[in-house]
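Visitor: I would like to learn how to read a structure feature by feature. Show me the model, then take my questions in turn.

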Amino acid sequence: VQAVVDNVLQIFEKKITEIIVVKRKEHDYHVNTDINTTYINVSETTGGAACSALLAKKYINNVTPLLIVNSDQLIEVNKINFKTVFNTVQDFNDNLIFVFQIFEKDAKWSFVKLNSSNEVEEVAEKKQISDLATCGLYYFNSGNLFLECVEEMMEDNENKINNEFYLAPSYNFIPNEDYVTKVFGIDKMVGIGTPQDYEKYIRSFQLQYDKHSNILTSIEVNI
């Protein structure tokens with residue numbers, strides 16, 4: 001969780017002003033950050049990621065932009081490209097989904113289909129409707145909009161996948177006549193869903209001494 005928080009803060013720089021962590025009650029930890037952080041303890045398994053996010057309703061029921069981040073991945077982005085896209089999204093009060101491209105058939109992800117204007121037309125969970133898969137970062141122009149969409153989605157159990165309500169399909173309930181949803185393509189994603197995954201990620205780096213700067217730098221290696 002700390003690694004994911006550090007990753008997101010590094011990408012968004014000073015744009016994030018509050019953090020809400022939805023976690024299992026028995027997981028006793030605190031994120032190391034100067035940003036105001038609220039912890040919501042969950043005592044039992046919820047009905048899916050969307051249900052978990054709804055536990056934060058009293059904190060996000062407002063017009064403040066909302067970024068929802070899964071806790072099992074790290075991403076790399078071109079920061080110049082990201083700033084350009086994100087500034088445009090903010091200026092026009094658009095929504096944003098972070099995506100990566102896959103070239104093989106693999107329906108374990110959620111997928112985004114774009115229209116002729118390269119705006120999001122449809123989002124499907126565990127159904128490969130395009131070669132653009134989401135990577136667990138979902139930006140809504142307000143917490144209110146997210147709550148409206150996810151609550152409408154959850155009114156019908158037909159919207160469950162594998163008996164769970166997922167986050168990505170909630171974008172299908174954004175009124176297209178009022179809002180636009182765009183995508184941003186990341187450069188790389190690393191899954192850290194298990195301790196073993198995270199340890200492998202850490203081992204993929206080694207320290208290298210730079211005699212010019214007199215410091216140790218981290219470089220990525222293939223393992």
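Visitor: Which residues does Phe12 touch, leaving out those up to four places away in sequence?

Guide: First, a caution: this model is predicted. Phe12 touches Leu67, Phe82, Phe86 and Phe98.

Visitor: Which residues have the most contacts inside the largest nonpolar core?

Guide: Phe12 is one of them, with Ile75, Val77, Phe82, Leu96, Phe98 and Ile186. The core has 30 residues.

Visitor: Which elements each supply at least two residues of this core?

Guide: Three are strands β1 (18–24), β4 (73–76) and β5 (95–101). Strand β8 (132–140) belongs on the list too. So do helices α1 (2–12) and α4 (79–91). The largest share, 7 residues, comes from α1.

Visitor: How many residues are in the second, separate core?

Guide: That core has 26 residues. Ala53, Leu66, Val112 and Cys149 are among them.

Visitor: Now a loop. Where is Ser170, and is it buried or exposed?

Guide: Ser170 lies in the loop between α5 and β9 (181–185). Its relative accessibility is 0%, so Ser170 counts as buried. Beyond its close sequence neighbours, Ser170 is in contact with Phe140, Phe146, Cys149, Val150 and Met153. Phe146, Cys149, Val150 and Met153 are also on the list of buried α5 residues.

Visitor: What about a residue in a strand? Is Thr38 buried or exposed?

Guide: Buried means under 20% relative accessible area. Thr38 has 15%, so Thr38 is buried. Thr38 sits in strand β2 (residues 36–42). Its contacts, beyond residues up to four places away in sequence, are Glu18, Ile19, Ile20, Val21 and Tyr59.

Visitor: And Glu119? What is its relative accessibility?

Guide: The value is 24%, and therefore Glu119 counts as partly exposed. Glu119 is in the loop between β6 (110–114) and β7 (120–125). Leaving out residues up to four places away in sequence, Glu119 touches Lys113, Leu114, Val180 and Thr181.

Visitor: How far apart are Glu119 and Lys57?

Guide: Keep two scales in mind, sequence and space. Along the sequence, Glu119 and Lys57 are 62 residues apart. In space they are 28 Å apart, C-alpha to C-alpha.

Visitor: Next, empty space. What shows where it is left?

Guide: Rolling a probe the size of a water molecule over the atoms does that. In the whole structure, the search finds 1 cavity of 30 Å³ or more. The largest cavity has a volume of about 40 Å³.

Visitor: Which residues line the largest cavity?

Guide: The lining is made of Ile11, Phe12, Glu13, Lys15, Phe82, Lys83 and Phe86. By class, the lining has 4 nonpolar, no polar and 3 charged residues. Helices α1 and α4 each supply at least two residues. The most, 3 residues, come from α4.

Visitor: Step back to the whole protein. How many helices and strands are there?

Guide: There are 6 helices and 12 strands. The radius of gyration is 18 Å, close to the 17 Å from the globule rule for 223 residues, so the protein is as compact as a globular protein of that length. The C-alpha trace spans about 60 × 45 × 35 Å along its principal axes.

Visitor: What share of the residues is buried?

Guide: Buried residues make up 36% of the 223. For contacts, look at sequence separation. Among those between residues at least 6 apart, 62% join residues at least 24 apart.

Definitions and conventions. Residues numbered from 1 in each chain as written. Predicted model: local features only at pLDDT ≥ 70, side-chain atom pairs only at ≥ 80, totals over all residues. Heavy atoms only, no water. Helix = DSSP H or I, 4+ residues; strand = E, 2+ residues; numbered from the N terminus. Buried < 20%, exposed > 50% of the residue type's maximum accessible area, 1.4 Å probe, protein only. Contact = heavy atoms within 4.5 Å. Core = buried A, V, L, I, M, F, W, Y, C linked by side-chain atoms within 4.5 Å. Rg over C-alpha atoms; globule rule 2.2 N^0.38 Å. 1 Å grid on protein atoms, 1.4 Å probe; cavity = no way out; pocket = protein on both sides within 12 Å on 5 of 7 lines; lining within 4 Å. Points joined across faces, edges and corners; volume = space filled by probe spheres on them. Nonpolar A, V, L, I, M, F, W, Y, C, P; charged D, E, K, R; others polar.
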